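Hi everyone, thanks for coming along. Let me put the structure up on the screen, and then we can walk through a few of its residues together.

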Amino acid sequence: MGDVLLHGRRNPFVAQEGLPILALVLAITILLLRYSDPWIAVIPALLLVFLYLVFRDPRRTVPSVALGVFSPVDGEVVEIGAQESGEIGSSVMRILIRVNALGTYTARSPVEGKIMDSGTNALWLQTDEGDDVVLRFDGYRFGLPPKSFARYGERLGQGQRCAYLRLTRLAEIQLPKDGKVLVEVGQTVVAGTDVIGNIPSPR
């Protein structure tokens with residue numbers, strides 16, 4: 001399965017949320033180059049490069065993996081373990097990922113399924129097999145929580161874009177308690193490409 005397009009539009013390589021900011025800094029850089037000392041323009045030019053890295057939304061080729069759970073973010077696995085009560089109450093296996101601030105700005109759906117709830121810090125998906133997978137976020141920089149552009153009742157594919165991370169520090173994936181974890185603590189993962197677990201096979 002190729003890269004899933006957001007609402008039928010081609011991915012512009014930069015998250016749309018960042019385009020106004022990038023345009024403003026670019027305009028300032030051009031004005032300083034034209035009407036001021038060119039050396040002064042170096043500062044906004046460097047800022048422009050940094051912001052491009054922050055807001056980048058690269059295309060990813062999402063492989064089709066039956067029952068696979070994909071990493072929703074670029075980052076490093078920092079914790080794995082069971083939890084008696086997850087986001088929706090049931091026992092879960094949880095995978096905690098420290099988000100790379102200069103990785104992709106857009107989070108991707110860990111599984112294919114229907115959105116059962118889309119709150120400020122969590123996205124609850126239910127697969128066709130009836131398994132629940134929750135993606136939740138924590139550690140907001142500058143007090144900005146992630147912004148979901150996927151809505152209740154919408155269906156998402158594996159690795160499909162679903163939210164702007166906004167420099168969130170941590171992403172947590174909650175699998176059914178009998179789900180299988182395929183990563184280890186310290187492992188680097190790539191959003192929409194790396195499979196980090198499996199949901200249980202249909203009984």
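Let's start with Glu-17, which has a relative accessible area of 22%. Buried means under 20% and exposed means over 50%, so Glu-17 counts as partly exposed. Please keep in mind that this is a predicted model.

Where does Glu-17 sit? You'll find Glu-17 in the segment before α1, the helix that covers 19–35. Now, which residues does Glu-17 touch, if we ignore its neighbours within four places in sequence? The contacts are Tyr-105, Lys-147, Tyr-164 and Arg-166. Take Tyr-105: 88 residues separate Tyr-105 from Glu-17 in sequence, yet in space their C-alpha atoms are 9.6 Å apart.

Side chains of opposite charge can pair when their charged atoms come close. Here, Arg-166 and Glu-17 form a salt bridge, with 2.7 Å between the closest N and O atoms. Arg-166 belongs to the loop between β10 (161–164) and β11 (170–176), while Glu-17 is in the segment before α1, so this pair ties together parts that are 149 residues apart in sequence.

How many salt bridges are there in total? The count comes to ten, and I'd like to show you two others.

One is between Asp-74 and Arg-60, at 3.1 Å from N to O. Asp-74 is in the loop between β1 (68–70) and β2 (75–83), and Arg-60 is in the loop between α2 (42–55) and β1, so parts 14 residues apart in sequence are tied together. Are these two buried or exposed? Asp-74 is buried, at 7% relative accessibility, and Arg-60 is buried too, at 12%.

The other joins Arg-155 and Asp-128, with 2.7 Å from N to O. Arg-155 lies in strand β9 and Asp-128 in the loop between β6 (122–126) and β7 (132–138), so this pair links parts 27 residues apart in sequence. Arg-155 is partly exposed at 39%, whereas Asp-128 is exposed at 59%. Elsewhere, salt bridges with shared partners join Glu-79, Glu-87, Arg-94, Arg-136 and Glu-172 into one network.

Last stop, the largest pocket. The space in this pocket is about 170 Å³. Its lining has 13 residues, and Val-65, Leu-67, Glu-112, Glu-129 and Gln-158 are the ones nearest the centre. What kinds of residues make up the lining? Five are nonpolar, four are polar and four are charged.

Note on methods. Residues are numbered from 1 along each chain as its sequence is written. This is a predicted model: local features need pLDDT of at least 70, side-chain atom pairs count only at pLDDT 80 or more; totals for chains, interfaces and linings use all residues. Side-chain values use heavy atoms; hydrogens and water are left out. On a 1 Å grid over the protein atoms alone, a cavity is a set of points where a 1.4 Å probe fits but cannot get out, and a pocket is an open set with protein on both sides within 12 Å along at least five of seven lines; lining residues have an atom within 4 Å of a point. Grid points are joined across faces, edges and corners, and a volume is the space filled by probe spheres set on the points. Ala, Val, Leu, Ile, Met, Phe, Trp, Tyr, Cys and Pro count as nonpolar, Asp, Glu, Lys and Arg as charged, and the others, Gly among them, as polar. Helices (H or I, at least four residues) and strands (E, at least two) are DSSP runs, numbered from the N terminus. Contact means heavy atoms within 4.5 Å. A salt bridge is a side-chain nitrogen of Lys or Arg within 4 Å of a carboxyl oxygen of Asp or Glu. Buried means under 20% relative accessible area, exposed over 50%, partly exposed in between (1.4 Å probe, protein chains only).
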